[in-house]
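Visitor: Please show me the model and let me ask about it.

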Amino acid sequence: MEFYAEERKQLPVTPVEPMRKEGDGDGPGKPEVTRPDTSDLLRRMKRVDPDSARRYRQRSGQ
Amino acid sequence: MNRLFGIETEYGIEVEGLGASDWIDESIAVVRSVSGPSVGGWNYRGEDPRRDMRGYVVTSLTTNPEDSMFDLPSRKPMSREEERSDRILVNGARFYNDHGHPEYATPECRSIKDLVAHDKAGDRIAFAAAERRAIQSNRSISLYKNNTDFHGSSYGTHESYLMRRDTPVDLVISALLPFFVTRQIFAGAGKCGLENCGREDPDRYQISQRADYLSVEASVDTLHNRPLVNTRDEPHTTPSKYRRLHVICGDANMSEYATGLKIGTTSLVLSLIEAGWTPGIVLKEAIKSVRMVSRDISLTQPLELEGGGSIKAIDIQRIYLNEAVKRYSGEDSDTDWTLAEWASTLNTLETNPMQLADRLDWVAKFALLNPFRLEEELKWNSPHMQSLDLAYHDINPQTGLYYGLEHEGTMRRLVTDGRITAAMSGAPCDTRAFLRGLMVNRFGGSIEGIGWNGILFRHNDETMLFDMNPLVEENVSILNEEFQSLQNLDQVIANLRQQYKEGLN
């Protein structure tokens, strides 16, 4: 007997809850890693005028 | 930790197209640009910076002779009131021009978190004022919360702690010296390069910004020949009962945690000293030692003791910590927070200081700048590294490097942004600053002068002084609540008359 693809019954697929939620069982869970966004900091550093300290003069305070 | 404390910050200022000869005028303009209700006219009752707590008054204070190069002969002389341009704010703080620096003095606080919030509120108030002035003058303005211009000028971030008058001055000085020499290991703000270093190679990273500018152990001076222990005697309250320790040897902290730990530890050390305790050690050369500690990021250098022997900076701190743990554990939440964080910070400084890059300024700055320095093969004292150092202290939240670290979530916080915002317009409810702020907010038009210890009213052709000298204890909270419900100045004055008749305390 031959089966052709179009004859196979297509069942609707509904999302189901996983048997075990991440992190609530004994198995390894996804590690909670929050990576800091360093792009803003690098941009700030690049924008610093390398000569600003040379020009920076202040009166003595207390 | 039942003690009043506060922080004063002199900000470094830079205005596009102008120079140091302009900073007095520009600082005045920034201060006058502060928004919201405020009152001008500082009342100097009881203030004399020449009075020394050792029992005498000096004829004059020394100044930095190099500052005269910034004094233009063409500049019109001003009255003290004009030059200071005081603004007393609704949160009980004072904002004014001091020697060409916008200065923000927090209101008196009684808790660490309140003071951290008010210190940060000061940055925001000063920044907003600078932004307003920049729009008005069409020149960009930067304010820096640091303590050096890398050219030999320093300006201060001072702390004030109210303490008992009956503590002998000699004890205060001798017991504080080892603590102040070594406190920088957690309270230092970090600095690229050395200053005032003679023949020493300036290509180094330092723990402290201020160490290069400290030259004597104890003195009433603040502008030049600066001391580790400032002996100025201005209690801002009843002089027979209290003194105010005016600490000028510390750095400007950007980190909330470092600010909190600095205030908490110093307050506990003062409690030990008030109780008559001494650390039992004397450093052979305190000034030499403060510089040695600042230059030793490995924190391993032993400091010589009077009478022989030596000790590491961390171990000096542990002498104070161990005694404070014995005496004050469990006293209140601020005390317990301080003791726990002090202990864990010292332990981590000993094992792996870099782990503290999320909370101590000198470590955070080093961790941020050192990889760049190595990659670019720069010297620590190069203008580029010092420019990055300066940028760490830029109080503009959009451009400052510290705020970049905070923005990416790296820095440990002690207070929420909401609490800082609240501190911009509200005084601590458990100190007399609450009454000062309340009066500014409600009756500013009737105030002729205002100071730390009193308010001068003009009402119905009569001038009256509201003496706030007695209001430094916790029970001021009761008065604060009462005054909050008063509707007009007549009620305030009637209430005050009644209070004084009954013996205000």
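Predicted model: local features only at pLDDT ≥ 70, side-chain atom pairs only at ≥ 80, totals over all residues.

Guide: Residues are numbered from 1 along each chain as its sequence is written, while chains are lettered from A and ligands numbered from 1 in the order in which they are written.

Visitor: Which element gives the largest share of the side of chain B that touches chain A?
Guide: Two residues are in contact if their C-beta atoms, placed from the backbone, lie within 7 Å. The contact takes 22 residues from chain A and 41 residues from chain B. Helices (H or I, at least four residues) and strands (E, at least two) are DSSP runs, numbered from the N terminus. On the chain B side, seven residues make up the largest share, and they come from α11(B).

Visitor: Is strand β14 of chain B mostly covered or mostly exposed?
Guide: A residue is buried if 20 or more other C-beta atoms lie within 10 Å of its own, exposed if 12 or fewer, and partly exposed in between; C-beta atoms are placed from the backbone. In β14(B), residues 226–230, five of five residues are buried. The strand is mostly covered.

Visitor: Which residue in β14(B) is the bridge partner of B:Ala218?
Guide: Two strands pair if DSSP finds at least two bridges between them. Strand β13 (residues 214–219) of chain B pairs with β14(B) in the parallel sense, over four bridges. The partner of B:Ala218 there is B:Val229.
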